[in-house]
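Below are some notes for a colleague who is opening this structure for the first time. Please keep the view at hand while reading the numbered points.

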Amino acid sequence: MSVRHERSRPVDRRVRVQGRPVDACPALPPEAERGSVRRVTVVGEEVLSRPCREVTEFGTPQLSALIDDMFLTMYVADGAGLAANQVAVGLRLFVYDCPDDYGIRHVGHIINPVLDLPDPGNRRLVDDFEGCLSVPGARMPVPRTDRAVARGLDKDGNPLVIEGTGYFARCLQHETDHLLGHTYLDRLSKRHRKDALRQMAERREDVFAQRAIKTSRLGQ
């Protein structure tokens with residue numbers, strides 16, 4: 001995929017945590033170290049098909065624990081993002097650890113996000129393969145814009161603006177879809193959706209086995 005950024009300016013390639021550059025971030029962030037693994041919901045479960053509720057209480061131990069658990073669950077499942085309804089909690093929240101089109105790593109969480117996409121006249125759609133932890137084993141091409149901005153709050157209620165390009169822009173759009181009660185299957189034609197469900201039926205047990213091995217290795 002070509003990169004369309006201005007190349008005359010140096011790029012700060014440091015990891016972005018909550019949208020801000022930091023000098024270092026461990027492969028397994030502190031949230032995951034504190035968390036416990038939860039079961040990932042699978043397409044067909046009702047919690048995935050209804051819009052999530054806004055978070056109204058911030059700074060609580062329960063919210064922090066949910067975020068910690070979501071981080072560890074995402075890593076166990078080899079995901080780049082995870083929405084709360086994917087661990088059966090119908091709240092507007094997702095976590096992520098995902099590279100952008102520079103290869104810069106983005107790590108964090110966002111609550112009650114609102115997604116801004118480029119205007120249709122300035123929008124570039126990229127048709128690339130996409131998977132979902134709630135559709136285990138399946139991957140299908142899905143068109144997404146190559147840029148996205150998510151505006152929301154952190155767990156303490158502080159405002160966040162998270163900008164994404166390339167694969168990270170795809171991640172922001174994918175996870176926001178979850179909070180609206182949609183999976184990427186809803187963006188597919190009937191034929192492609194059938195193909196994705198066939199892939200899931202064939203591969204899901206292997207995926208679950210790999211998650212079990214990784215859960216054991218992380219000592220959960």
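This is a predicted model: local features need pLDDT of at least 70, side-chain atom pairs count only at pLDDT 80 or more; totals for chains, interfaces and linings use all residues.

1. Is Ile104 buried or exposed? Because buried means under 20% relative accessible area, Ile104, with a relative accessibility of 3%, counts as buried. Once its neighbours within four places in sequence are set aside, Ile104 is in contact with Val11, Asp12, Arg13, Arg14 and Arg16, as well as with Cys98 and Pro99. The C-alpha atom of Ile104 is also separated by 9.9 Å from that of Pro21, although the two residues are 83 residues apart along the chain.

2. As for the overall layout, the chain has four helices and nine strands, and these follow the pattern β-β-α-α-β-β-β-β-β-β-β-α-α when read along the sequence. The radius of gyration is 17 Å, close to the 17 Å that the globule rule gives for 220 residues, so the chain is as compact as a globular protein of that length. Taken along the principal axes, the box filled by the C-alpha atoms is roughly 50 × 45 × 35 Å.

3. Which residues have the most contacts inside the largest nonpolar core? They are Leu66, Met70, Phe71, Leu82, Leu93 and Val95, in a core of 25 residues. The elements that give two or more residues to this core are α2 (61-76), β4 (93-99) and β5 (105-116), and the largest share, nine residues, comes from α2. Phe71, leaving out residues up to four places away in sequence, touches Glu31, Ala32, Val95, Tyr96, Val107 and Gly108. A second, separate core has 16 residues, including Ala80, Ala83, Ile110 and Leu179. In soluble globular proteins, nonpolar side chains tend to be buried together.

4. Some totals for the chain complete the picture. Of its 220 residues, 49% count as buried, and the accessible surface comes to about 11200 Å², of which 50% belongs to carbon and sulfur atoms. Among contacts between residues at least 6 apart in sequence, 69% join residues at least 24 apart. The chain has 33 positive and 31 negative side chains, and the centres of these two sets lie 3 Å apart.

Conventions: Residues are numbered from 1 along each chain as its sequence is written. Side-chain values use heavy atoms; hydrogens and water are left out. A nonpolar core is a set of buried Ala, Val, Leu, Ile, Met, Phe, Trp, Tyr and Cys residues joined through side-chain atoms within 4.5 Å. Buried means under 20% relative accessible area, exposed over 50%, partly exposed in between (1.4 Å probe, protein chains only). Contact means heavy atoms within 4.5 Å. The radius of gyration is taken over C-alpha atoms; the globule rule is 2.2 Å times the number of residues to the power 0.38. Accessible areas come from the Shrake-Rupley method with a 1.4 Å probe; for residues, only the protein chains shown count as cover. Lys and Arg count as positive and Asp and Glu as negative; His and the chain ends are not counted. The place of a charge is taken as NZ of Lys, CZ of Arg, CG of Asp or CD of Glu.
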